[in-house]
Amino acid sequence: MKILIVEDNRELADWLGKALRQAQYAVDIAFDGEDAELMLKVASYSVVILDLSLPKIDGMTLLRRIRQKGEKVPIIILTANASLDGRVAGLDSGADDYLAKPFEIAELEARIRAVVRRGQDRAAPEIVIGDLVFAGSTRQFFVGGEPLALTPREHAVLEFLAMKAGTTVSKATLSESVFGFDDEADPTAIEIYVHRLRKKLEGSSAQIATLRGLGYLLRDAK
Amino acid sequence: MPSRTIKNQWSALKRLRESLRAQLLAWVVLTLVGAICFNLYDSFRTADAASKLVTDRTLLASARVIAEAVRVDSGGTVEVDVPPAALEMFDTGYGDQVFYQVITAWGNLVAGFPDLPLPTVERVGQDKSFRSASVRTLALNHPVVGLPDDGIISVTVAVTHNSQFALRRRLWLSDFTKQLVLVLLAGIVTIIGLQRGLAPVLRLRDAVRARGRDRLDPLSPSMVQTELRPLVLALNDHMERVQNQMAAQRRFVSNAAHQLRTPLALISTQASVAAREESPERRDEALQALRNSTRQISRLASQLLTLSRAEPGSRRPRRDVIDLAKAAEEVLGAQAEEALRRGIDIGLEEAGPVKVAGDGTMLREMLVNLVDNAIRYTPVGGKVTVSVTCHDGKALLTVEDSGPGIHPMEREHVFERFYRVMGTEEEGSGLGLAIVREVVEGAGGAVYLSDAAGGGLLVTVRLPILETLLGQEMSRLST
C-alpha cells in the first residue's frame, strides 16, 4: 500500500515517512501543495496524509480540488490547528479523518487502517482467502494460523492483492501502489516478488493466478 | 488587641477621609455650623440692641413725665411730686426696681436717691451699677419755668435689667428659631442633593464592580453627569487598551501553542521510529534526531520566554551598561564551535569598547539571535562577520552573512512573530528577528535589513551610545 504524505515541515515529513516505511507502507512525500497535486495526478495512493498549512496551494484548497475531480482516495488531515471549526471544515471538505498534532504514530497507523478498510467497504478488519488470513489490526498474514514471514516488498505486494481479493490487478497498478517515487521501480521486479510469494504460499489454499494481459488475482484455489 | 483597634480606627478614619460623600458632607456641615454660629451671635446683638432701645425709650418717657412734674413755688423752692405713672410704666411683671433722682443745675437734690450714679451723656441709656445691682440709667435735662439763670433740672431714671433681658431673650429666641429652621432645611436639602448627585457615581462604581473579570466592553457615558463623562471615557479607553493587549496576548499564546505542536509531533514520531527500529544504526540515527528535535524545542521555548520578557511592560526596565564589543565577542565565542562544525568562517571587527545602556540580558539575547540566524542560514564554507563600531554618535552593530539573504518584499514581515520565509529549509521558530526588534526598540534603537556586499544578509542595529546619553544628561543638568 502506498501512502502520500503532504507536509511542509521537512523533518516531520521525513520521519513520518520513516515510521510508515517501518510499518511496511510505501511512502511518497510532498513538501508543498503543488508537488502533492502533481504526484496525485501521476500515481495512485491508498491513503493521503495531508497537512493543512502548506506553501503554494494550501491543504484545504488541495483537498477540495482532489474531491472535485472525483478522487475517492482516503484523506487524513494532519494539522496543528485542532479547533472544532477546523475539524468540521476539514471533514466537510471531503477529508475522511482528522488528526491533530501532536499525535502518536500508533494512532495514525490505526486511522490509516480504518480509512483503508472503510474505503474497501469492509467492516471486518480481517480478510480471509481460504486458509490465508490477513489480520487488519496488525497487518500480518497467517497461513493455517501460522504467521507468514515476508520481506517488506513481498508484504506490500501481497497486501495490495489481498485488499483487491477476487478482482484482477494489473501489473502496472500493482507496481504503482507498491513502489514510491524514490524506489527503483521496475515492472519486472513485480514478477520476481510474485514468484517469491507463490513459493511462500505453496502450502496454502490461496494462490496468485496470472491472467495474461490482465494481471494478477489472489484467490482461494479450493 | 489595642494596637489593632487603634489601627482599625485609624484606617476607618482614613477611609472616611478618602470618602467623597464624607468629604462633601463635612464641608456642607462645617459651612452650616458656621452659619448657625454667626446667626446666633448676630441675632443676639440685634435683640440686645432692640431691648436696650425699648428700655431707653421707656426711661426717657419716665424722665420726661417726672421733669414735667417739677414745680417752682413762690419762694423759689424747687419741688417735685413724682406721678405714679412715671414709675408704673416699668411694671411689666418682671419685678424690676426703679430709681430716680432729680437735681437742679447747681447741684441741689430735689428728690430721689442722692447716690444714684449719673450717666455721662444726656438722653443716652447707660449700664451702671447701683447698690450691687446692675441698672440701666438715663438722664434728661429739662428747663423749668420760674427758675433763674440756667433754669434747668436734671432727671435721672434707673431700672434693673429684668424686663430688658426678658425682652431681649424673647426677641432673640424668635429670630433664632426662624434662622435655625431655615438652616436645618438647607442642610436637609443639601444632603438630599448630595445623595442624588452622587447616585450616578455610585451606580458607576457598582456597574464597574459587578462586572465579570473578563468583561471589558465600554460603559455608557450617559449614566453619569457631564463633568464625570471624561472619567468614563478614560475608563473605556483604558479598558479598550487592556482588551487589545489581552487579545494580543491570547493570539500570541495560541500561536505559540500552535507552533509547539509540529515539533512535538516530530519528537513523538522520532521516538516511535526509534522504539520500533531493530537495526542498531538506524535506531541510533533516530535517537540522535530525537535529541536534536528536543534541543530545537527547548530553544523555541526559551525564545518564547525571551520574547515575552522583551515585551514592553513585562519586565522592569533596566539600565545596565554593557560593552557591545565585549558582548559580541562572548556570543561569537559561544557559537564558534557550531560555526566551525559547519565550516563557517566567523569573525569580529571591533575598535575598542562601545558602551550602551539597556537591559544587559536582553541585549545579549539579541546578539545570540542575530549570530545564530547568520550561522543557521549561511551555507557550509560561508562567512559571518560581526562588527561593532561608533558612528555618528550611535553604536553601530552589523551582522553580515553569505547566506541567501532575504528578499526585499519579505524584509518587513520577517520581524513578525512566527513568520517564516516560504521555502526555507532550515529549521527555525520564526521568533529570532521578532526578539531582535523587540529588544532593540526597547533600548531606544532601530534595526534594518539590507543586502550584504557578498550577496548575503546585512543586519544593522543602531543603538544610542552611552557617551551621548551622558552628554544629553549633562547638558540638561547644566541648563
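Predicted model: local features only at pLDDT ≥ 70, side-chain atom pairs only at ≥ 80, totals over all residues.
## Chain A at a glance

Chain A has 222 residues, and 41% of them are buried. Its secondary structure consists of eight helices and eleven strands. Take the contacts between residues at least 6 apart in sequence. In chain A, 56% of these join residues at least 24 apart.

## The parallel sheet of chain A

One sheet of chain A is open and holds five strands. Their order is β2-β1-β3-β4-β5, and the pairing is parallel. At the edges stand β2 (26-30) and β5 (97-100) of chain A. Each has a single partner strand, so one side of each is left without a neighbour in the sheet. On average, neighbouring strands here are turned by 20° against each other, direction ignored.

Inside this sheet, look at the pair β3 and β4 of chain A. Strand β3 covers residues 47-51, and strand β4 covers residues 75-79. Four bridges link them in the parallel sense. A:D51 has A:L78 in β4(A) as its bridge partner.

## The antiparallel sheet of chain A

Another open sheet of chain A has four strands, in the order β6-β7-β8-β9. Here the pairing is antiparallel. The edge strands are β6 (126-129) and β9 of chain A, and each pairs on one side only. In general, strands of a sheet pair through backbone hydrogen bonds, either parallel or antiparallel.

Strand β7 (residues 132-135) of chain A runs antiparallel to strand β8 (residues 140-143) of chain A, and four bridges join them. A:L132 stands opposite A:V143 in β8(A). A:F134 stands opposite A:F141 in β8(A).

β7(A) and β8(A) form a hairpin with four residues between the strands. In this hairpin, A:R139 takes a positive phi near 60°. The next hairpin is made by β8(A) and β9(A), with two residues between them. A:G144 lies in its turn and has a positive phi of about 55°. β9 of chain A spans residues 146-147, and two bridges pair it with β8(A) in the antiparallel sense. Across this pair, A:F142 stands opposite A:P147 in β9(A).

Chain A also has a cis peptide bond, between A:K101 and A:P102. Its omega is about -10°. A:P102 sits in the loop between β5 and α5 (105-119) of chain A.

## Chain B at a glance

Chain B has 479 residues, of which buried residues make up 25%. Its secondary structure comes to ten helices and 14 strands. Among contacts in chain B with a separation of 6 or more, 65% involve residues 24 or more positions apart.

## Helix α2 of chain B

How far apart are the end C-alpha atoms of helix α2 of chain B? They are 71 Å apart. The helix has 49 residues (residues 20-68), and at 1.5 Å a residue it should span 72 Å, which agrees.

Several residues of α2(B) are buried, including B:S43, B:A47, B:S51 and B:T55. Further along, B:T58, B:L59, B:S62 and B:A63 are among the buried residues.

## Two loop residues of chain B

B:R123 is not a glycine, yet it has a positive phi of about 65°. B:R123 lies in the loop between β4 (109-112) and β5 (126-130) of chain B. Is B:R123 buried or partly exposed? With 13 other C-beta atoms within 10 Å, B:R123 is partly exposed.

B:D392 is not a glycine either, and its phi is positive, at about 55°. The loop that holds B:D392 runs between β11 (383-391) and β12 (394-401) of chain B. B:D392 has 8 other C-beta atoms within 10 Å, so it is exposed.

## Where the chains meet

The contact takes 17 residues from chain A and 18 residues from chain B. Which helix gives the largest share of the side of chain B that touches chain A? It is helix α5 (residues 229-276) of chain B, with twelve residues. By residue type, the side of chain B that touches chain A divides into six nonpolar, seven polar and five charged residues.

Definitions and conventions. Residues numbered from 1 in each chain as written. Chains lettered and ligands numbered in written order. Expected span 1.5 Å × (residues − 1). Buried ≥ 20, exposed ≤ 12 C-beta atoms within 10 Å, placed from the backbone. Pairing = 2+ DSSP bridges. Contact = placed C-beta atoms within 7 Å. Nonpolar A, V, L, I, M, F, W, Y, C, P; charged D, E, K, R; others polar. Axes fitted to C-alpha atoms, helices over the stretch in contact; angles between N-to-C directions.
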